[in-house]
Amino acid sequence: MQPTVQSTVQPTVQSTVQPTVQPTVQPTVQPTVQSTVQPNVQSTVQPSSAWIHRQAVELLLAVIVFFACAYFFTGGSWNSNAHLATVMSIVDDGTFYIDRYRDSTGDIAHTPRGTVSSKAIGAPIVAIPAYIIAKVASLHMTHRGNQLIVRAYITTALTMGAVMALLTVVLYRTLRRRVEPRDAAVLALAVVLATPLFPNAAMISQHVMTALAAFASYSILERWRLRRLTQPENPRQADESVRLESWKIALAGFLGGLAPVFEYPSLIVLIPLTIYALWSCRLRFRIAWFLAGVGVALLIPMTYHTVFFGGPFKTAYSALVRPEFIAIHRQGFMGFDHFSWLRLYELTLGRSRGLFLLSPFLVASIPGLTRMIRAPATRPEGITVGVIAWSVLLFIASFVNWHSGSAVGSRFIHIFIVFSCVPLAAIYPHHRGWMQLGIAVSFFLMLVAISVTSVPPPPDANVLQYYFEHFFRGDIAWWQGEIIKQEGIGTGAPTYPFAFNLGIVLGLPGLWSLLPFGVVMAGLSMLLARRLRIPHRHANTAQHST
């Protein structure tokens, strides 16, 4: 109706009546049409279509990542075994003490009543449901050694597959606020599968869970702040908005507080997250809801510490058993002695743990961050993610055990990887070709790593040379690290391998064992690409509502 009125009536009215009619007609008619008709069209057509499209894409992303993680199992390592031993003790014995499995790992601590894991308690709690499923699924098995391996694999696959899939969806939703769905999907998959997150997800790893918790907290705060800027609050809905915003702030605080529940050093990210939450609050007193959420999350480790170590701030690091770990944590403050440029170089460009060497496309996050900070519209988010990512990197460069032991890259900087996705989105549309090449190279390197082993040699070795030598010789699942040693029976003399992939389970040898992985991943990727190519005229509208 509006074009008709403008073309037939407006010229007549404008010349004769406009000075007297326009101030009275325009404010009363035009806002009425916009406020009553347009929202109804958007709410009945656009969000419904956008929701279906988004759910299909997110489901495919989750399936791709879950399958990729479940295809590989790296066997035992001290870090993973410590978590698995704790889960088994909780479910099977009803206790946190792992005395029955203490020979499975060196990551242990002594308490007056027994031996516990020296790791934070968050990861074992998350893995409990998966272990219950694994236990039920393997009850029929009579060979104890094989049963332990099956339970370890199912627990790892379900736990880490779900964590990585959820992280991918959170990344995708966050990135869609900045780039088109296709670009958001590519970057989300790249951050998860073309970085050390992928090989480290082949075992129970608290570091991926830490990154997920911290980034989910940021994503909620960012979504809330951006929607508040683009959709001003209706005064008649003020009370409902206050309740809704307070709930979201508390949830963001709880998720942020979960990060140190999984890994103690990640406590540092709470400082920039709190500042960003305060920055985003329309009413400053609402920051109390964020802090309340943080406090509720921190009650979990504080209660655990009080029960087992005698105080809320007394951790397992004060009761370590291994002499080498005791020596590390006696240097400086709990192992943090001083910042080292050499450690920073090794963390980024070093031949054994260099992140930019293993995942070269991540270098683009540096100019992307510069672009975000220079633009006023993205400056708050650029400063926040930049401070979080680089403070973690500089913090770990001050740690004696910066390399995190035997791991692909340093597991301690997973937060840096995940938060780099935001500046990557700022630069990706401008250099799509080069970045896609970097992503492809990075994914190949991570596939080589997870195929050989997620437990590489000590940090003085050339890790890429190590991986290429074994990979092209066909040494797939090469490192057979023992998983669980139970008191009285040891490993149970299993006939199954400790480390494997699903191709090996099917009987395929060497590099041929990767063929099913490639076929399934190609098929799922084609389905995802087809879904993303479907014309979706309401995608831009949905982008601001996710």
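**The cavities and their lining**

Guide: Three cavities of 30 Å³ or more are found in the structure, a cavity being a set of points on a 1 Å grid over the protein atoms alone where a 1.4 Å probe fits but cannot get out. This is a predicted model, in which local features need pLDDT of at least 70 and side-chain atom pairs pLDDT 80 or more, while totals for chains, interfaces and linings use all residues. Residues are numbered from 1 along each chain as its sequence is written, and side-chain values use heavy atoms, without hydrogens or water.

The largest cavity holds about 110 Å³ of space, and 13 residues line it, of which Glu263, Ser266, Val392, Phe412 and Ile415 are the closest to its centre; lining residues have an atom within 4 Å of a point. Two or more lining residues come from each of the elements α11 (206–230), α19 and α20 (414–419), where helices are DSSP runs (H or I, at least four residues) numbered from the N terminus. Among the elements, α19 gives the most to this lining, with three residues.

Helix α19, which spans residues 379–396, also includes Val387, and this residue is partly exposed because its relative accessible area is 40%, between the limits for buried (under 20%) and exposed (over 50%) with a 1.4 Å probe and protein chains only. By contrast, Leu175 of helix α8 (residues 144–175) counts as buried because its relative accessibility is 1%. Leu175 and Ala425 stand 250 residues apart in sequence, yet their C-alpha atoms are 6.7 Å apart in space.

Methods
On a 1 Å grid over the protein atoms alone, a cavity is a set of points where a 1.4 Å probe fits but cannot get out, and a pocket is an open set with protein on both sides within 12 Å along at least five of seven lines; lining residues have an atom within 4 Å of a point. Grid points are joined across faces, edges and corners, and a volume is the space filled by probe spheres set on the points.
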